[in-house]
Structures are given as C-alpha cells and as structure tokens.
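Please look through this structure with me. My notes follow as numbered points.

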Amino acid sequence: MGAMVKSTLTSPPLPPLGSSAARVGSSAIRDLLALAERPEVISLAGGLPDARTFPVDALAAAAADALADDPGATLQYGPTEGDPQLRDLVAHRLGADRANVTITSGAQQALQLVARAVLDPGDVVALADPAYVGALQAFRSADARLAPLPSDHHGLQVQALVELIDAGTVPSLVYVTSSFDNPTGATLAGQRRVALAELAEEHGFWIVDDDPYGELRWAGSAPTPLRELTDRTIVLGSTSKILSPGLRVGWASAPVELSRAIVVLKQSTDLHTSALSQQIVRRALGDEPAMATHLAILRSAYQRQAGALADALDRHLPGALRFGRPDGGMFLWAELAPHVAADASADQLLERALACGTAFVPGSAFAVEPTGGHRRRLRLSFATATEEELDEAARRLAGALALG
Ligand SMILES: Cc1ncc(COP(=O)(O)O)c(C=O)c1O
C-alpha cells in the first residue's frame with residue numbers, strides 16, 4: 001500500500017461538491033430528530049413505523065426458507081428489474097403486469113429514479129405544499145422547478161393546478177401522496193382524483209402517486225386509485241410501513257417504456273435491490289392469509305394509538321390545537337389555535353417542547369418554499385409511542401404551551 005499523502009495547512013481546500021449534491025441540502029427532519037433522540041424525550045417527531053408490529057417470526061421463517069430452498073435467487077446477483085415472482089405479486093396487487101413493475105430499494109429510490117427518468121433540468125413539478133421532504137429532495141436533485149399548490153383535508157387543491165395551467169405553466173409531473181399524506185394525513189378526494197386524471201390526459205403530464213400508507217386505513221372507504229383513472233399514473237409503493245423499512249423493498253409501477261428507462265437508471269445505481277430482502281418479502285406478501293392478519297393487527301394498533309393521541313390532545317390542550325381525527329396512516333396534522341402562544345411559531349414551540357421532554361416536527365420542515373410556510377402547524381406521529389406515552393406527551397406539550 002502506498003504511503004498516504006497527509007493534508008497540511010498549506011494544502012488547497014477539498015474540491016467543491018457537485019451541483020446535484022449542493023442542491024439537495026440537509027433534511028430538516030433529520031436535524032430535528034437528532035434532538036428528539038434523547039431517552040427522556042417522548043418523541044412524536046419520527047416518521048418510523050412501530051417496531052413492535054414487525055412480524056419478526058414470519059420474516060425470520062421467510063429468510064430461513066429462502067436460504068434453504070433457493071440459495072441461488074437469495075445470495076446471487078439478480079435481475080435489475082427485481083425477482084420475477086415478487087414483481088408478479090406486486091403487479092397482481094396493483095392490477096398491472098409484471099413488465100410494468102420494477103422492484104426498488106424503497107419507495108424513496110423509486111422517487112429518485114422516476115425523477116431522473118422523466119425530468120429534464122428546469123422541468124416543472126407541481127405538488128402540494130406542504131410535502132414529503134424526501135420527494136422535495138428527489139425533485140431538487142433532478143434540478144426540477146417546484147410549483148407549490150395549496151392543499152386541505154381533501155388533499156391537493158386540483159383547482160389551483162387548473163389555474164397554474166391556465167396561467168401558462170404546464171407541469172411535466174404532478175406529485176401526490178394520494179392516501180394518508182405525509183405530513184398532512186389527508187387523502188385525495190375522489191372527485192379531485194377524477195379531475196387530476198382528466199388534466200393529465202388533456203395536458204400530457206405524469207402523475208406520480210406515492211402510496212406507502214394506503215393499506216393503513218381503518219375507517220372510511222378508499223376512493224378509486226388514480227392508476228384506474230389514467231395510465232399516465234406512476235404508482236410508487238413500499239413494504240416499509242406494512243412489514244419493515246429495514247428490508248428496503250419498494251416498487252414503481254409504470255408504463256412499459258418508462259419502466260425500461262427506470263431499470264437502466266437503477267442498474268447504474270445499485271444493480272438490483274437486495275436479493276435476500278426480495279426473497280423475504282416475496283414469501284411474506286405471498287402468504288395472503290398471514291398478510292391479511294398482520295395488516296389487521298397493524299391497523300387496529302394504529303387506530304388505537306391515533307385515538308389515544310387525539311383524546312390526549314383534547315384532554316390536555318382543549319381548544320388549543322385544531323386537527324382532524326385520522327382514519328389511517330401514521331400522522332396527525334394539527335394547527336395552533338389563533339389565541340394560543342399567539343406570536344410563536346411551531347419551530348419556537350419545538351424548543352420549548354424539547355425542554356418539557358416531547359417533540360414533534362414543525363410544519364415549516366415540509367414547506368416547499370423556504371418562506372416559513374405552515375409556521376403554526378405540527379406533525380405528530382402516533383405510530384411508535386404507547387397509549388400512556390401519548391398521554392404524557394400531550395401533557396408535556398400543554399406544559400410547553402404554558403397550558404398545563
Ligand atoms: C410519502 C413517502 N414516500 C416515500 C417514503 C420512503 O419510503 P421507503 O422506506 O419505502 O423508501 C416515505 C417514508 O417515510 C414517505 O413518507
């Protein structure tokens with residue numbers, strides 16, 4: 001091995017970052033989570049699923065079975081598109097064909113690959129503001145121009161997209177999280193889906209429907225999926241919120257030509273998604289009765305926890321926070337009532353909340369424009385805390401607001 005050349009005070013500085021890396025910046029959520037990780041903090045800030053729900057025994061059995069029965073598929077390099085049987089399973093769930101489906105390393109990689117496959121620098125991506133931070137990062141790293149649109153408890157306000165288009169800006173892509181959005185928890189209403197699909201057909205843009213939470217519904221009925229309304233829909237999915245995020249298995253379902261482009265881009269990224277993870281997921285998803293039981297357990301756990309958080313907020317902070325009761329997903333999106341800490345932003349409140357031993361993510365972390373939007377909003381995750389912890393977190397939050 002050659003001697004390492006030591007940097008000295010007179011060495012020139014390290015080369016600058018490439019423009020893609022420089023554009024992305026850091027995730028506000030990640031920075032905040034670092035503060036919330038202290039053991040005494042009951043954090044409602046994370047976006048993680050509840051580790052108590054991981055089907056450990058089933059996944060261990062699936063791993064053992066994969067290694068014993070099919071070591072070739074489990075330990076060898078595999079096809080970039082993904083394991084054929086897993087692609088069939090995903091295609092079946094989505095009413096698509098195997099050729100449409102690419103298995104990816106989480107929905108996050110699917111987002112990144114789709115952004116690179118369909119966008120040129122300067123192309124417009126329209127999306128609800130606030131938005132999932134990972135989507136903002138993926139679109140920014142493709143040098144897209146982001147067109148933020150308002151949203152409410154029925155999701156993206158599609159009328160605002162009509163106005164954007166009428167004013168002369170036709171996006172290349174519209175990004176939605178159609179079910180139980182991160183951070184707002186909103187589900188895109190049926191009529192808005194129809195209107196969005198019609199606009200996509202008329203103006204020729206892609207719709208990316210990022211849907212990792214759709215299976216976590218415990219109340220109400222799901223509107224028609226966008227993919228059934230227009231074949232301009234690219235569906236992104238994931239096992240992160242229904243099995244385990246550490247497996248890093250997700251997918252993109254897209255028209256065949258686009259799927260081919262996604263596969264070429266994926267090849268240069270990681271060759272393929274972990275073969276062991278794919279074999280585990282293939283077995284877990286393929287066992288339909290066990291999966292149905294697991295999903296039922298997951299939904300009822302989250303339903304209980306969502307109810308416990310909403311009840312605790314009503315109990316400890318009556319009238320101080322405005323929110324709707326979630327009927328699925330992992331998040332409760334709340335707004336400070338005007339009379340509460342009238343001049344304070346949620347960012348300032350977070351500092352006080354951390355001092356009182358709890359944490360949430362302030363709305364500004366999800367703002368598309370860095371103009372301090374959503375400054376009186378809070379994303380509260382009910383996924384990982386126990387019912388007792390949720391009650392105590394609400395009590396501490398009341399203390400932070402000087403209501404306790
Ligand atoms: C809306 C949304 N899309 C994508 C992801 C990334 O999921 P994955 O773990 O499958 O990469 C998340 C994770 O929190 C998310 O909330």
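1. A word on classes comes first. Ala, Val, Leu, Ile, Met, Phe, Trp, Tyr, Cys and Pro count as nonpolar; Asp, Glu, Lys and Arg count as charged; the others, Gly among them, count as polar. On that scheme, the shell around the ligand has five nonpolar, six polar and three charged residues. Keep in mind that this is a predicted model.

2. The ligand shell. The ligand is surrounded by 14 residues. The closest are Ala107, Asp210, Tyr213, Ser238 and Ser240. Helix 6, residues 106–118, gives the most to this shell, with three residues.

3. A nitrogen atom of the ligand lies 2.6 Å from an N or O atom in the Asp210 side chain. For Asn182, an N or O atom of the side chain is 2.9 Å from an oxygen atom of the ligand. On its own, the ligand has 400 Å² of accessible area, and the protein covers 92% of that.

4. Salt bridges overall. The structure holds 15 of them. Side chains of opposite charge can pair when their charged atoms come close.

5. Lys266 and Asp270. Their side chains meet in a salt bridge, 3.0 Å from N to O. Both sit in helix 10, residues 256–270. They are four residues apart there, so about one helical turn separates them. How accessible is Lys266, buried or exposed? Lys266 is buried, because its relative accessible area is 0% and the cut-off for buried is under 20%.

6. Arg38 and Glu40. These two form a salt bridge, and their closest N and O atoms are 3.2 Å apart. Arg38 has 38% relative accessibility, so it counts as partly exposed. Glu40 is partly exposed as well, with a relative accessible area of 48%.

7. Glu335 and Arg377. Here the closest N and O atoms of the salt bridge are 3.6 Å apart. The pair links distant parts of the chain, 42 residues apart. Glu335 belongs to strand 12 (residues 331–336), and Arg377 to strand 15 (residues 377–381). At 28% relative accessibility, Glu335 is partly exposed. Arg377 is partly exposed too, with a relative accessible area of 25%.

8. Which residues are joined by salt bridges that share partners? Asp311, Asp314 and Arg325 are, and they make one network.

9. A nonpolar surface patch. Leu67, Leu75 and Leu276 form this patch. Together they have about 270 Å² of accessible area. Leu67 is placed in helix 3, residues 56–69. The relative accessible area of Leu67 is 40%, which means that Leu67 is partly exposed.

10. Leu243. Where is Leu243 found? It is in the loop between strand 9 (233–238) and strand 10 (250–253). Leu243 counts as buried, at 4% relative accessibility. From Leu243 to Arg145 the distance is 34 Å, C-alpha to C-alpha. In sequence, Leu243 and Arg145 are 98 residues apart.

Terms used: Residues are numbered from 1 along each chain as its sequence is written. This is a predicted model: local features need pLDDT of at least 70, side-chain atom pairs count only at pLDDT 80 or more; totals for chains, interfaces and linings use all residues. Side-chain values use heavy atoms; hydrogens and water are left out. A residue is near a molecule or strand if one of its heavy atoms lies within 4 Å of it. A polar contact is a pair of N or O atoms within 3.5 Å; within protein, one must be able to donate a hydrogen and the other to accept it, and residues adjacent in sequence count only if both atoms are side-chain atoms. Accessible areas come from the Shrake-Rupley method with a 1.4 Å probe; for residues, only the protein chains shown count as cover. Helices (H or I, at least four residues) and strands (E, at least two) are DSSP runs, numbered from the N terminus. Patches are made of residues with over 30% relative accessible area and no salt bridge: like charges are joined within 9 Å, nonpolar side chains (Val, Leu, Ile, Met, Phe, Trp, Tyr) within 5 Å. A salt bridge is a side-chain nitrogen of Lys or Arg within 4 Å of a carboxyl oxygen of Asp or Glu. Buried means under 20% relative accessible area, exposed over 50%, partly exposed in between (1.4 Å probe, protein chains only).
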